[in-house]
Amino acid sequence: MIRVENISKRHEGRMVLKDVSMDIAEGANIGLIGPGGGGKSLILKIICGLVTPDSGNVFIDDIDVHSLGPTELADLRFRIGMLFQNYALFDFMNCADNIAFPLRQEGTHSEEEIAEAVHQALHDISLPDIGHLYPNELSGGMKKRVSFARAVIRRPPIVFYDDPTAGLDPVTSSKIFILLRKIQTELGVTSVTISHDIGGIKEICDRFVLLDQGKIIFEGDRDEIEASEIPIVKKFWHGFSDDELNV
Amino acid sequence: MSPMHKIARTFQRPLHLLGDWAMGWFHHIGGLGLLTWQVLVYLLPWKWNFDGPETWRTMYRVGVKSFPIVVVTAVLVGAIMVIQSGLYIEQYGAHGLLGWGAGYAILRSVGPILIGLMFSGRVGANNTAELGTMKVTDQIDALRALSIDPVAYLVMPRFMAMIVMMFLLVVVGNATALIGGALTSQFLLDVNMVLFFQSVVTYVLLEDLMHGLMKSVAFGFAIAIISCYFGLQTSGGAVGVGRAVNASVVGSAIALFAIDYAITYAAL
Amino acid sequence: MSDQPLQSDENGETSAFRRLLSSLGEPVLEVAQTIKGIFQVFGLTWYYMLKGRPRWKATVEQLHEVGNRSVLFITVTLGFLGMILIYQAGYQAERITGDLQMLGGLFLQLLLREFAPTITAMMIATRVATGMAAQIGSMVVTEQVDALRMCAAQPVDYLVVPRFIATTIMMVVLSIFAVLVAYSAGAMTAYFSFGLNVRTFVDMSFIGWFDVLLGLSKALAYGMAIPIVACHAGLNVFGGSEGVGRATTNAVVNASLAVVFLDFVISGLGYVILGLVT
């Protein structure tokens, strides 16, 4: 469904991605792990066409993302939901308008439909009464959940989660993962999740990719990653290392 | 809520806003006064406290960074003043007065204030952004924790560098503005540039030049204090840094015009 | 900053000559790139303004932000400017001719032609351009602009167009307001310091269509340039709070430079046109 071919990207004189290729099959739930600054977020942004790579191609359903004009790109993005690392809630709109924004942009829904959808979405994230509040009045976990509601309000077939539990306490994190799980079973989406919370993504992902210094070090399903003998994979998956003092 | 209560609230609202506004202003004025006091105390010979090498580095940064912008601005300002004077000179045919009209305006008032505004934008804003970023990333607190006084270490070098460099840049700016004016008068107005310079030398007094230079020192002082103050006051992440820069340049602009007025008033 | 690192020669060392070339070329490239980017935003803004749907609410909000909230600032600064100019001019006139009859008329003419639009624009470049760059810049670093694009809203359409329309309108309005403020302040100074009657001071006989037209075209040009330059700086932020600081600095410097440059061009054109007409 999504094919990434030989992507390279240089940022401020440093190679952030070096010749990365991966395939994401329809319905797959990929967990993308790896040390910070390894280019994980950048891959997601390149797939959505937010960032243009220096070389390489991205195909979504055999459409070359980076050859599209603004209108076609907009149409393509209607089918992708993205949960950003820093919430990315519009701070000049209240939460209800934030969640409604993708639907309003489509321009094909009536205001009643939108209001109904927003009501349902707020109910789904168990925050039914915060529609009138502005993002800066919410806690981090609430913002993540509102941002999540906005990402999936269009019921997109593809969803990307960029570190959905960054900076959250364990209880809130588990609530977020329950939400992700729910949307997967309900909609059968194709998803990519970036996270450092191994316990969480173990639950929701069926394939795992480890990215380090712009290269894919490991790719495989749960059994394969459990059994992997590559040191950095072991370090990430089990949370310890044999040469801890030498790091 | 009872209707009486509502009416009372409606009447209180403007007072509330006025009070908030006044509190904000007095807060800033007090803070600026305190920072000025601290800086002046460190200038006393027996309390002499600032980082020498850091001052040199800051001077280099401040001066070199703003040099191209000041030169470009000054050339354009000179040209504009000559064109504006030219519109009148043409009317009365008094070509010998072109240098006087343009030179007087540039040296005494327009030059320092426009270069001051540019300086506030380039150096003042940059300074606020730098200190603001240090503040929101807790670097200022880290300095305090190492028992280094942020005023001595961060504010003093910038204060010295900005006053000296503002003065020097106005000197350079005056010269380039006159050159820009002379070129414009030669090529656009068809007034010989020798005549232009003769007119400048004959009619513009040394006092006019000194008046402009005096302003430049005062401007440097104000921009330094204001930009450092708003930088050290920053809170609230990236949004806060943007807000601090905005406050700093607005404050500097108001201070520039107020000081310009005060000096003009005092000199006459 | 260029994306490519310095090219190395065979020994893996950069030669002194290459370093010299790159240190000369880099600023030139940077300026060229900035100018190109600004014109791109300018073109896109017109495209979306003519083709996109109007956003009344956002435009009215920006009108309030640019206009109403600048009134106090413009009053203070232009008021001082009026007093300063009359002091300087009155002093000179007294010294040289001893005749203050023409002071008010010439002052009004000079305000219209030069000082009211230009100094107002410098003030707007200070207050509004930094505000816009800071706001859009922090939207970029918090990924809100990416989120806009993911929701199929074009950032230029959504963010720049309302600011562009609002600033262009308000620049003209504020310039007219600035003339009034500076002229009143000047009249008071002339009365209190030189004993010049306000009736003598208020003298419209020097004003012609040329002065009004020159002032208005300047205000329009500044009003279009400032939001474009500021939004360009905001949209090109990279890095966290440091990047936002850099963007606000760039916005105020570039906007002020644009104002001075446009002033030069329009004044020069005005001079040439006046020469042709008369």
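The model is predicted, so local features need pLDDT of at least 70 and side-chain atom pairs count only at pLDDT 80 or more, while totals for chains, interfaces and linings use all residues. Residues are numbered from 1 along each chain as its sequence is written, chains are lettered from A and ligands numbered from 1 in the order in which they are written, and side-chain values use heavy atoms, with hydrogens and water left out.

Next, look where the two domains touch: 18 residues of domain 1 of chain A are in contact with 13 residues of domain 2 of chain A, contact meaning heavy atoms within 4.5 Å. The count of salt bridges between these two domains is zero, a salt bridge being a side-chain nitrogen of Lys or Arg within 4 Å of a carboxyl oxygen of Asp or Glu.

Now show chain C beside chain A, where 29 residues of chain A are in contact with 19 residues of chain C. The area buried between chain A and chain C is about 2200 Å², with 56% given by carbon and sulfur atoms; buried area is the accessible area (1.4 Å probe) that two parts lose on being put together, summed over both. Select A:Leu50, A:Arg77 and A:Gln105, which supply 23% of the area that chain A buries against chain C, more than any other three residues.

Finally, select A:Lys45 and C:Asp146, whose side chains meet in a salt bridge (3.0 Å, N to O); the count between chain A and chain C is two salt bridges.
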